Amino acid sequence: MSRSLFIFSIFYGGMVCIAGVLGAKQVALGPLAVEAGIFPFLLLVIMSSAVSELHGKERADQLVRFGFIPLIASIFLIQLVLALPVDEGMYPPAVEAFPIILGQSGRMMIAGLISYGLSQTLNVYVFARLARPDGRLLWLRAGIASVLSQVLDTILFISISFYGEREIADLMVGQMTTKIVLSVLLVPLLVTALVKFGRNLDRAGQSA
């Protein structure tokens with residue numbers, strides 16, 4: 001395995017797990033509001049695109065599929081820890097906060113699994129379909145793939161999580177707008193930088 005694929009795979013697994021935890025907080029970015037899980041999720045999009053560019057669509061698809069392993073394992077571990085009795089000496093505010101932060105409903109967990117798998121697969125598919133033999137327009141290909149995958153992720157996650165329980169149109173539009181803006185501003189630059197970094201890693205590995 002090349003150095004870049006090894007390092008990106010480890011980082012990818014970590015971001016899969018932390019996305020659900022950070023999603024418990026809503027952050028304000030100027031006039032835009034979004035759940036903080038978007039930041040690790042954008043990194044997942046960036047890494048899967050970079051792996052597709054460096055190692056091909058098949059490897060990127062494998063990365064997405066293997067991402068289910070740490071994601072599902074983290075869900076089971078969280079449920080196990082929530083079910084275990086609390087130590088009497090635990091800091092009282094933390095006793096109340098822990099299940100609020102980590103205790104997602106079953107519906108939201110299913111929504112996360114479905115939206116992750118389909119949106120990441122779409123990102124890799126679109127990025128690969130737009131591939132150029134000479135590697136040109138990397139920034140544009142990455143941006144288009146990211147925007148489409150973010151739109152799908154938002155539609156799937158919010159619909160599955162909240163349909164029938166609350167009004168979802170405004171929530172969906174707000175989340176989608178924020179994710180598209182961040183995809184346009186951040187993804188092209190970061191994918192370009194990550195691909196360059198990966199190539200440097202692989203060259204260093206070959207010469208070592």
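Analyst: A residue is buried under 20% relative accessible area, exposed over 50% and partly exposed in between. The model discussed here is predicted.

User: Why does F68 count as partly exposed?

Analyst: F68 has a relative accessibility of 25%. That value lies between the limits of 20% and 50%, so the residue is partly exposed.

User: What makes Y116 count as buried?

Analyst: The relative accessibility of Y116 is 4%. Buried means under 20%, so Y116 falls in that class.

User: How many aromatic pairs does the structure hold, and what makes the pair of F68 and Y116 edge-to-face or stacked?

Analyst: The structure holds one aromatic pair. The ring centres of F68 and Y116 are 5.1 Å apart, and a pair requires centres within 6.5 Å. Their planes stand at 80°; an angle over 60 degrees counts as edge-to-face, so that is the name for this pair. F68 belongs to helix α4 (residues 68-83) and Y116 to helix α6 (residues 106-129), so the pair ties together parts 48 residues apart in sequence.

User: Which residues is Y116 in contact with, leaving aside neighbours within four places in sequence?

Analyst: With those neighbours left aside, the contacts of Y116 include Y12, V16, F41, L44 and F68, and also D153.

User: Which residues have the most contacts inside the largest nonpolar core?

Analyst: They are Y12, L44, Y116 and V191, in a core of 34 residues. The elements that give two or more residues to this core are α1 (3-22), α2, α3 (57-66), α6, α7 and α8. Helix α2 gives the most, with ten residues. Another core lies apart from this one; it has five residues, among them I158, F162, I168 and M172.

User: Why is the contact between R141 and E53 called a salt bridge?

Analyst: The closest N and O atoms of R141 and E53 are 3.0 Å apart. The limit for an Arg nitrogen and a Glu carboxyl oxygen is 4 Å, so the pair qualifies. R141 lies in helix α7 (residues 138-162) and E53 in helix α2 (residues 38-55), so the bridge ties together parts that are 88 residues apart in sequence. Both R141 and E53 are buried.

User: How do you know that E53 and R199 form a salt bridge?

Analyst: Their closest N and O atoms are 3.9 Å apart, and the cut-off is within 4 Å, so this pair also counts as a salt bridge. E53 in helix α2 and R199 in helix α8 (residues 169-207) are 146 residues apart, and the pair links these distant parts of the chain.

User: Are E53 and R199 buried, exposed or partly exposed, and why?

Analyst: E53 has a relative accessible area of 18%. That is under 20%, so E53 is buried. R199 stands at 39%, which is between 20% and 50%, so R199 is partly exposed.

User: What makes D153 and K179 a salt bridge?

Analyst: Their side chains meet at 3.0 Å, N to O. The definition asks for a Lys nitrogen within 4 Å of an Asp carboxyl oxygen, so the pair meets it. D153 in helix α7 and K179 in helix α8 are 26 residues apart, and the pair links these distant parts of the chain. D153 counts as buried at 7% relative accessibility, and K179 counts as buried at 4%.

User: Why are strand β1 and strand β2 said to pair?

Analyst: Four bridges join β1 (residues 26-29) to β2 (residues 32-35). Pairing takes at least two bridges, so the two strands pair. They run antiparallel, and L29 stands opposite L32 in β2. The strands form a hairpin with two residues between them, and G30 in the turn has a positive phi of about 65°.

User: Why does S52 count as buried, and what does S52 touch?

Analyst: S52, in helix α2, has 8% relative accessibility. The limit for buried is under 20%, so S52 is buried. Not counting residues up to four places away in sequence, S52 touches K57, A60, F127 and A128.

Note on methods
Residues are numbered from 1 along each chain as its sequence is written. This is a predicted model: local features need pLDDT of at least 70, side-chain atom pairs count only at pLDDT 80 or more; totals for chains, interfaces and linings use all residues. Side-chain values use heavy atoms; hydrogens and water are left out. Buried means under 20% relative accessible area, exposed over 50%, partly exposed in between (1.4 Å probe, protein chains only). Rings of Phe, Tyr and Trp (its six-membered ring) pair if their centres lie within 6.5 Å; planes under 30 degrees apart count as stacked, over 60 as edge-to-face and the rest as tilted. Contact means heavy atoms within 4.5 Å. A nonpolar core is a set of buried Ala, Val, Leu, Ile, Met, Phe, Trp, Tyr and Cys residues joined through side-chain atoms within 4.5 Å.
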